[in-house]
Amino acid sequence: MTDPIPQCVFRAEDERYTLADYQGEEPRWCTGCGDNAILAAVQRLCRDEQLPPERTVFVSGIGCSSRFPHYMNGYGFHGIHGRSLPVAEGIKMARPDLHVFVSTGDGDCCSIGTAHWIHAIRYNMDMTVMLHDNRVYGLTKMQVSPTSPQGLQTKTTPRGAYLEPLNPLTVTLGVANASFVAQAVDWIPELMHDIIESAFHHKGFSFIRVLQRCPEFLPDMFEPWVQDPAKTLLLVHEDGLQPSPSLSKTYKNQEAHDPADLTRAREIASVEDPIPVGILYRNDDMPRYEEIRPTDRSYTPDTIKGALEAELDKFTIAPANGGEDEDTAKP
Amino acid sequence: MSAEILELAGGKSPDAKLGGDRDGAAKITPRPALLAGYWNLTELRYDYPLVLVADDTGVSPVRSLTAVIDGVLREIAPRGAEGEAARKHVLGIEREIRGLLSADAGGTLSELWGRAKNTLLARAEGAAADVLKENLDRARSALAYDGEMVDCGAETADTLIEHIWKAVQADKIRRLRGKIEILALRLSDILKADAMQSAEARDAESLERSVGTSFRDSFDFEAMSRLLIEAPAGDPLPEERRRRIGDALSVLDSQKFFAPWDGGEDTETYTFLFDSCAAAAEAFQARVAEMVALVKAISIAELEVENGYRESKHDPLFSGFDENALSPEDIASFPSYLVRLSAGRCEPAEKAHLIELLSSDLPVKILARSDDLLEGLSGKRFSFGAGMSDLASLALGQNNAYVLQSTASHLYQLRDRIVDGLTCPGPALFSVFSGSAGSNPDLPPYLVAAAAMEARAFPAFTYDPAAGADWAARFEVTGNPQAEADWPTHRLSYADQDLQTIAQDFAFTFVDFVACDPRYAQCFEPVPADGSDAALVPVSEFIDPEAEQAAEAVPYVMLLEDGGLVRKAVVDGRLIRAARRCRERWRSLQELGGIDNSHARNLLASARQAWEDEKERELAVLKGRPVEEPEAPTAEPAPAEAEAPIEEAPEEVLEEPAGDDPYIETPRCTTCDECTEINNAMFAYDDNRQAYIANPDGGTYREMVEAAESCQVAIIHPGKPRNPNEPGLEELIQRAESFM
């Protein structure tokens with residue numbers, strides 16, 4: 001309402017947030033784990049955008065990646081396996097003013113949480129979703145994951161994984177209302193930061209698959225790509241990523257890809273080698289569920305209680321004699 | 001023939017001119033012939049009756065029955081012969097509903113539909129009744145709207161504007177209430193979070209209370225309390241802040257401007273509906289202090305929930321927060337006041353209040369209704385425009401308020417403008433002529449109102465101060481029929497004595513409007529059917545200043561006699577004068593609305609004159625001198641813009657300090673902690689949490705090489721050993737080779 005204070009007074013008063021303001025507990029991930037790179041990029045984003053920590057929520061399910069909320073200084077919800085997205089949707093619906101981030105792993109998202117994932121894409125609610133995809137279950141000490149390559153020997157597939165892996169990018173791009181799909185790799189931090197930044201600014205469900213290394217259980221999985229820049233395809237466009245000249249000097253394998261081009265995005269998504277990195281698809285005009293179904297009233301504990309009681313009253317069974325003699329009415 | 005009628009023709013008796021022998025005592029019931037086709041309104045499909053749509057979305061709060069029925073027909077009756085039966089039945093029920101309403105029946109559309117359906121079914125027989133029933137049932141289920149129905153009458157403007165106002169008001173209240181409730185919730189959350197940290201909240205008893213009854217026995221609340229009390233608690237809220245939040249919360253909770261969501265019944269709230277400007281102004285004044293307190297509480301709450309309240313800055317600002325701190329936006333976010341002035345004359349004191357309100361910033365919406373434009377005959381004076389009907393012109397002079405003038409017949413067409421006036425933040429005046437003076441019981445109010453609009457007796461216009469900076473943007477007269485003309489013209493077809501059809505265009509003038517009113521019957525003198533009418537000219541022509549008149553010209557209008565005969569009637573001179581005044585008023589409105597504006601006309605004329613003079617001068621020059629060849633275009637093309645050398649962006653050069661110093665390609669660091677785990681004095685993270693060499697002497701060359709080897713992205717370059725005495729150097733240098 002009335003804002004009698006000039007904005008400049010506020011700015012002069014308020015301290016700027018530094019990276020340390022977003023640091024929660026000390027991370028317990030293994031050294032060399034790609035989760036660290038994602039954490040650093042998200043903390044940088046929060047600092048660059050000067051997001052008040054109390055305005056951020058980090059939601060996760062179960063897995064190494066899902067320890068993410070503990071390491072951020074903001075609101076966090078380390079939830080149940082596969083259910084990070086419904087929780088995040090509920091938060092966004094009730095508190096559209098909060099910045100919602102979701103960290104989920106290849107098991108959490110692509111196995112037990114697949115149903116929620118598909119429908120969250122369709123709901124297209126404004127949140128930044130990072131799929132930490134190391135292609136193995138690390139928390140349970142090397143079990144096969146839906147994204148494990150065929151033939152990968154794990155504790156649960158000693159004779160090698162039997163099935164072709166699931167491709168999270170093609171799945172996402174195949175769902176109605178998909179509005180932002182990108183792929184990042186943990187070993188190119190500059191691009192990871194740029195992609196997360198674009199995802200954050202996109203109004204809608206921003207899905208980033210981050211290919212990340214698991215130094216403990218799959219130390220060599222991405223070695224060929226880490227060592228040979230030619231095996232990475234950078235997607236560049238004036239509406240997408242614009243890598244720095246120095247990075248372009250190293251990563252010369254580039255394709256000008258318009259993120260509005262869904263057909264080409266689907267083609268690129270299905271390529272495994274070279275690994276595409278960048279924004280595959282973006283559509284700012286997709287409807288968002290929180291806008292389609294906004295609520296203009298606040299749910300106080302009293303109104304919730306009232307509504308529940310009104311609902312439960314529907315099941316009240318009136319005693320046959322009008323309640324005058326309760327004892328006889330009971331069975 | 002009365003002396004007054006003689007006066008109109010300059011003292012000469014029309015009888016003498018026309019050679020008639022009409023008995024002056026026989027008077028006809030005056031009815032303008034141009035309205036002949038509209039007599040039976042229940043048979044016609046037009047804007048009325050209206051459905052006051054009963055939902056609180058505020059989207060199109062009013063619909064005409066015709067539009068609703070058209071929607072139904074589109075749904076259930078396909079074009080062509082196939083949909084014929086359904087179309088006939090649905091249009092039949094529409095006619096029936098119209099008839100019920102004109103017979104003073106009230107109710108909602110669904111109620112009237114039910115009654116009309118029963119009537120129709122009672123009339124039908126056998127198989128036809130079954131088809132009729134089926135079609136009507138299908139149509140009923142396709143009805144998209146329901147709500148109270150109103151026909152055009154004395155109360156229409158009041159009912160309609162109040163209905164739209166309520167929809168606008170509900171929307172406004174919903175927004176303000178949503179905002180206040182969320183702020184109150186957040187403030188109480190802050191207090192609750194603070195309370196949860198207190199020792200009382202952690203004692204066994206309150207823990208037990210919070211668990212409920214079902215599993216009470218499963219807990220040891222004493223143990224739980226001991227554990228919780230040991231756990232570290234945050235700092236309690238400062239006393240001053242807790243008091244501030246509590247104060248704001250109590251103001252938010254106790255406001256009386258609207259009821260909360262659920263507790264509507266027992267909460268006392270203010271009324272915003274008044275019947276005089278004085279009462280509305282008084283009520284506003286009485287509530288100002290409370291309004292200031294609420295705005296202040298909202299502002300404080302907004303700062304508090306953002307944790308942005310700084311006592312050093314904000315305390316002085318809020319301590320001096322008074323009426324002057326209220327911005328127009330603040331006031332506009334509160335409910336608006338609707339004043340419905342009673343029809344009739346506006347007393348001078350009330351008029352003064354009205355002017356004061358219209359020149360203020362307050363959200364006051366005033367409805368001034370006139371029922372009779374033609375009062376004042378008893379005093380033998382025509383005082384057109386007295387009473388309430390001139391309020392709109394008066395309000396225009398304030399240049400501040402939203403002004404809408406219209407007759408009741410055209411309110412539906414102007415519904416969007418009514419919404420505009422009711423939603424605009426400032427004051428608004430709606431001046432409406434209802435047409436229900438009741439002096440002509442045969443004529444429905446709708447026709448009288450429409451006639452007033454046609455005759456320019458009560459033209460429609462809107463003035464919206466928010467629409468732009470000038471009159472062209474703000475003022476509109478577009479609602480009027482044939483707004484470009486002095487009077488709208490219509491074709492009148494009738495049969496003459498020889499049963500030959502005559503079709504002639506007539507203007508519908510102010511005189512035609514007066515002809516609707518039996519009180520003025522004596523102002524019209526029918527011309528005998530067999531009389532010579534050579535000197536008669538239509539009124540519009542007679543009073544047209546641009547038309548040349550013969551000295552003996554006599555004005556007439558076409559009237560309809562009982563029995564359906566069309567007859568010319570000579571018009572009283574005072575009516576002619578009134579018609580001239582009416583046209584003058586209309587012309588000045590036209591000018592304001594940009595139609596044939598005299599300033600523009602003069603400007604155009606002088607510009608044209610200047611242009612012609614200029615051309616003439618040029619012509620004279622050309623005639624006086626041989627014509628010069630027009631200058632050849634310059635042969636030399638403009639020098640092409642020197643192509644700027646495309647500047648290549650200077651390539652960002654990666655810092656690669658040559659030589660023996662160790663370095664890290666920091667931008668490529670993935671924050672994997674490998675190097676910092678090895679030695680966090682030698683390696684550290686920068687502001688972006690990417691590694692750099694903080695101190696090359698902070699560890700051994702062995703650590704440097706091991707870090708390079710363990711770095712996942714191989715960005716650590718160990719350089720040369722800094723301590724030549726370190727053991728095993730030879731092997732380390734060899735291992736470092738691949739990272740150089």
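The model is a predicted one, in which local features need pLDDT of at least 70 and side-chain atom pairs count only at pLDDT 80 or more, while totals for chains, interfaces and linings use all residues. Residues are numbered from 1 along each chain as its sequence is written, chains are lettered from A and ligands numbered from 1 in the order in which they are written, and side-chain values use heavy atoms, with hydrogens and water left out.

**Chain B as a whole**

Begin by selecting chain B, which holds 25 helices and 20 strands; helices here are DSSP runs of H or I with at least four residues, strands are runs of E with at least two, and both are numbered from the N terminus. Of the 740 residues in chain B, 46% are buried, where buried means under 20% relative accessible area, exposed means over 50% and partly exposed lies in between, with a 1.4 Å probe and protein chains only. Among the contacts in chain B with a separation of 6 or more, 69% are between residues 24 or more positions apart, a contact being heavy atoms within 4.5 Å.

**Helix α4 of chain B**

Next, select residues 84-102 of chain B, which form helix α4 with its 19 residues. From its first C-alpha to its last, α4(B) reaches 27 Å, close to the 27 Å expected at 1.5 Å a residue; the expected span is 1.5 Å times one less than the number of residues. Buried residues of α4(B) include Ala86(B), Val90(B), Ile93(B), Ile97(B), Leu100(B) and Leu101(B), and also Arg87(B), Glu94(B), Glu96(B) and Arg98(B). Just after α4(B), stop at Asp104(B), which takes a positive phi of about 70°.

Now show helix α7 (residues 156-197) together with helix α16 (residues 415-423), both of chain B, whose axes come within 10 Å and cross at roughly 55°. Axes are lines fitted to C-alpha atoms, for helices over the stretch in contact, and angles run from 0 to 180 degrees between N-to-C directions. The two helices, α7(B) and α16(B), are therefore oblique to each other, given that angles under 35 degrees count as roughly parallel, over 145 as roughly antiparallel, 65 to 115 as roughly perpendicular and the rest as oblique. The crossing of α7(B) and α16(B) is right-handed; a crossing is right-handed if the near helix is turned clockwise from the far one by less than a right angle, and left-handed if anticlockwise. On the α7(B) side, the contact is made by Leu160(B), Ile161(B), Ile164(B), Trp165(B) and Val168(B), and on the α16(B) side by Ile418(B), Val419(B), Leu422(B) and Thr423(B). These residues divide into 8 nonpolar, 1 polar and no charged, with Ala, Val, Leu, Ile, Met, Phe, Trp, Tyr, Cys and Pro counted as nonpolar, Asp, Glu, Lys and Arg as charged, and the others, Gly among them, as polar.

From α8(B), the contact uses Ala204(B), Leu207(B), Glu208(B) and Val211(B), and from α9(B) it uses Phe221(B), Glu222(B), Met224(B), Ser225(B) and Leu228(B). Here the residues divide into 6 nonpolar, 1 polar and 2 charged.

**Arg735 of chain B**

Moving on, pick Arg735(B) in helix α25 (residues 729-736), which is partly exposed with a relative accessible area of 25%. Leaving aside neighbours within four places in sequence, Arg735(B) is in contact with Arg702(B), Val705(B), Glu706(B) and Glu709(B).

Switch to chain A and select His70(A), in the loop between β1 (56-60) and β2 (75-78), which counts as partly exposed at 27% relative accessibility. Glu25(A) is 45 residues from His70(A) along the chain, yet their C-alpha atoms are separated by 6.0 Å.

Then select His193(A) in helix α7 (residues 189-201) of chain A, which is buried at a relative accessible area of 6%. Not counting residues up to four places away in sequence, His193(A) touches Ala41(A), Arg44(A), Leu45(A) and Asp48(A).

Finish at Ala265(A) in helix α10 (residues 262-269) of chain A, which counts as buried at 0% relative accessibility. Beyond its neighbours within four places in sequence, Ala265(A) is in contact with Leu173(A), His257(A), Leu280(A) and Tyr281(A).
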